Amino acid sequence: MSTNPLLHIQNVGIRFGGLRAVANFTLKLNQGELIGLIGPNGAGKTTVFNLLTGVYAPTEGEIFFNGERINGLPPYKVTRKGISRTFQNIRLFNELSVLDNVKIAYHSLAKHSIFSSIFRFPKHFSGEKEMEEKSIEFLKIFHLDHVKEEKAKNLPYGQQRRLEIARALAAGPKLLLLDEPAAGMNPQETKELMELISFIRNEFNLTILLIEHDMKLVMGVCEKISVLDHGQLIAHGTPEEIRKHPKVIEAYLGEEVGEEHA
Amino acid sequence: MKMINRFWKFMLLAIIIYTIIQLLITTEVFNLFYTNTLITIAINIILAVSLHLVIGITGQFSIGHAGFLAVGAYISAIVTMKLALPFPLALFAAGVIAAVAGLIVGIPTLRLRGDYLAIATLGFAEIIRIIFLNIDYVGGAAGMVVSRTTNWTISYICLLITLIVIINFTNSRHGRACVAIRENEIAADAMGINTTYYKVVAFVIGSFFAGIAGGLYAHNFYIIQPASFGFLKSFDILIFVVLGGLGSLSGAVLSAILLTIVSTFLQDYAETRMIIYSLILILVMLYRPQGLMGTREITDFFTSRKKNALKGGENL
Ligand SMILES: Nc1ncnc2c1ncn2[C@@H]1O[C@H](COP(=O)(O)OP(=O)(O)OP(=O)(O)O)[C@@H](O)[C@H]1O
Ligand SMILES: [Mg+2]
């Protein structure tokens, strides 16, 4: 089973000037897995996402997705290969409607050309109609269809987070990268989010890599967890193993890892 | 098919406006001065709307639009005056060559984020002006004599084509991709949009229509001179877009009309014109910093779709 991982990150690293933000990072994700990536502030988690999605090209190591080398590809090509993401600080298309936000993600799956749009050929109308229908379907799954005409910036925070996930899914990924999706959410919203993540994972047959600060969420939802500290992978294992791992405990400096209270 | 319906409504309105104005011209209610003003308004709307696509829709701050205007003006003048070919062909050639210029300037600069584009386009416009200044074939500083061929009808047709193309482009997945770049380039990239490609496409379409405007402009006076295409001309076009409200096509059209009328009536008082211009700008920035129309469109006031409005007006 582990012979052909969906994502294989091999000894990847990057330097920003003198700072080695990520070093010698290795991770395998099999189809259908949900893996958590945790670590203290500034550990390099978001940088790993940026390396995966082509925002930065790694200065060392290689990344294989579906058996294909993807490091060095520009972000839009990585997305088209089937990796899409959300951002730690929400990046929606603020002035656009909720519906348009999702339509934009669906952009590269549509076929009608610039030419057919300018001259309003039938292909334009059928293409746009399909985009609209698909996007509304996505919004329904995320319970956002009732606000589809609203500008994205006017949504409450929790809905913005959900819209970002909906938008990432509309791009048609095999691998979904979620960067602290529960940040800033209240416990009720977090609970709903966890259910949503499990749901979309089954519904869309997804593989998910999840960065999260909320230990309870990570421990509850992920099968395996990788722990980063100072750009280095310090532990990898089941939530049970991670919870007891001395290096992890040390990295969090007494922060109670996986402390379980209601 | 309500989108097709909308197209015919637009065309009907366009034909009515045309008929009324044509009637006023033939019955000589509008004298030559008014007719000229109308032609200048049409040219300025084309310029405003083409720059709106680049700045308002795609969010790329290009401030050298007069460079493409100059390319169109000189190319069209060469086609009619030197090669003695028909005017419509000259207009088309003006658009195509300006678009090629747009491609050449756009490809290296639009890859870069930030203010490079502003500097590059400004530099490009100056270089173009200086090139024409130094080519004897097109008359150098003295300029080039051009026969007056532009009339109201052809200006209006060009204006309609510009509006239809840019509105249709804007209201499609392609226009949406451009707006996504304006709203958040990193997110657009992450959603699978080839941002460089769409920036170049918007820039080239914008340059094409600026070139057409140049062709009309060149054949609307008896002479073209490099001095008419300096930074101040680029600035004039930029003001149409900013004053109208970044992202609003109707705003760009409206401010092009208003400012053309204002400056036509102040033609003889160049200094006063600049003062009034500055005053208008200061007042707008004070009381409506988002521009006359903000990001809204005229059509928003008649329909209930306002929240969904994708900048650029209705579907055609
Ligand atoms: N573009 C960049 N240029 C320079 N340094 C960077 C850049 N991006 C990230 N860094 C640095 O790399 C380190 C890792 O940052 P990163 O954002 O990946 O951390 P993180 O684990 O996501 O932290 P947080 O939990 O706060 O989100 C930090 O020290 C950060 O300052
Ligand atoms: Mg981070």
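pLDDT is the predictor's confidence in each residue, from 0 to 100. This is a predicted model, in which local features need pLDDT of at least 70, side-chain atom pairs count only at pLDDT 80 or more, and totals for chains, interfaces and linings use all residues. Residues are numbered from 1 along each chain as its sequence is written, while chains are lettered from A and ligands numbered from 1 in the order in which they are written.

**Figure 1. Confidence along chain A.** Chain A has a mean pLDDT of 90, and 95% of its residues reach 70 or more. Over residues 258-262 of chain A, pLDDT stays under 50. For this stretch the model has five contacts beyond four places in sequence, two residues being in contact if their C-beta atoms, placed from the backbone, lie within 7 Å. Where pLDDT is low, the predicted coordinates should not be read in detail.

**Figure 2. Overall build of chain A.** Ten helices and ten strands make up the elements of chain A; helices (H or I, at least four residues) and strands (E, at least two) are DSSP runs, numbered from the N terminus. The radius of gyration of chain A is 19 Å, close to the 18 Å given by the globule rule for 262 residues, so chain A is as compact as a globular protein of that length. This radius is taken over C-alpha atoms, and the globule rule is 2.2 Å times the number of residues to the power 0.38. The C-alpha trace of chain A spans about 65 × 40 × 40 Å along its principal axes. Of the 262 residues, 43% count as buried. A residue is buried if 20 or more other C-beta atoms lie within 10 Å of its own, exposed if 12 or fewer, and partly exposed in between, with C-beta atoms placed from the backbone. Among the contacts in chain A with a separation of 6 or more, 65% join residues 24 or more positions apart.

**Figure 3. The surroundings of ligand 1.** The shell around ligand 1 includes Phe16(A), Leu19(A), Lys45(A), Thr46(A), Thr47(A) and Gln88(A); a residue is near a molecule if its C-beta atom, placed from the backbone, lies within 6 Å of it. Both β2 (19-29) and α1 (45-52) of chain A supply at least two residues of this shell, and α1(A) gives the largest share, three residues. By class, four residues of the shell are nonpolar, seven polar and one charged. Ala, Val, Leu, Ile, Met, Phe, Trp, Tyr, Cys and Pro count as nonpolar, Asp, Glu, Lys and Arg as charged, and the others, Gly among them, as polar.

**Figure 4. Two sites of chain A.** Pro5(A) is found in the segment before β1 (7-16) of chain A. With 19 C-beta neighbours inside 10 Å, Pro5(A) counts as partly exposed. Not counting residues up to four places away in sequence, Pro5(A) touches Lys28(A), Leu29(A) and Asn30(A). Glu240(A) has its place in helix α9 (residues 239-244) of chain A and is exposed, with 11 other C-beta atoms within 10 Å.

**Figure 5. The contact between chains A and B.** Chain B contributes 28 residues to the contact and chain A 34 residues. On the side of chain B that touches chain A, α6 (152-170), α7 (173-183), α8 (185-190) and α9 (195-218) of chain B each supply at least two residues. The largest share of that side, seven residues, comes from α7(B). Its residues divide into 14 nonpolar, nine polar and five charged.

**Figure 6. Helix α6 of chain B.** The 19 residues of α6(B) reach 27 Å from the first C-alpha to the last, close to the 27 Å expected at 1.5 Å a residue; the expected span is 1.5 Å times one less than the number of residues. Among the buried residues of α6(B) are Cys158(B), Leu163(B), Ile166(B) and Phe169(B). The buried residues of α6(B) pack against α4 (114-118) of chain A, together with α2 (32-57), α4 (87-110), α7, α9 and α11 (249-265) of chain B.

**Figure 7. Leu110(B) within chain B.** Chain B has twelve helices and two strands, and 51% of its 316 residues count as buried. Leu110(B) lies in helix α4 of chain B and is buried, with 26 other C-beta atoms within 10 Å. Leaving aside neighbours within four places in sequence, the contacts of Leu110(B) include Gln60(B), Leu117(B), Thr196(B) and Phe203(B). The C-alpha atoms of Leu110(B) and Gln60(B), 50 residues apart along the chain, are separated by 8.2 Å.
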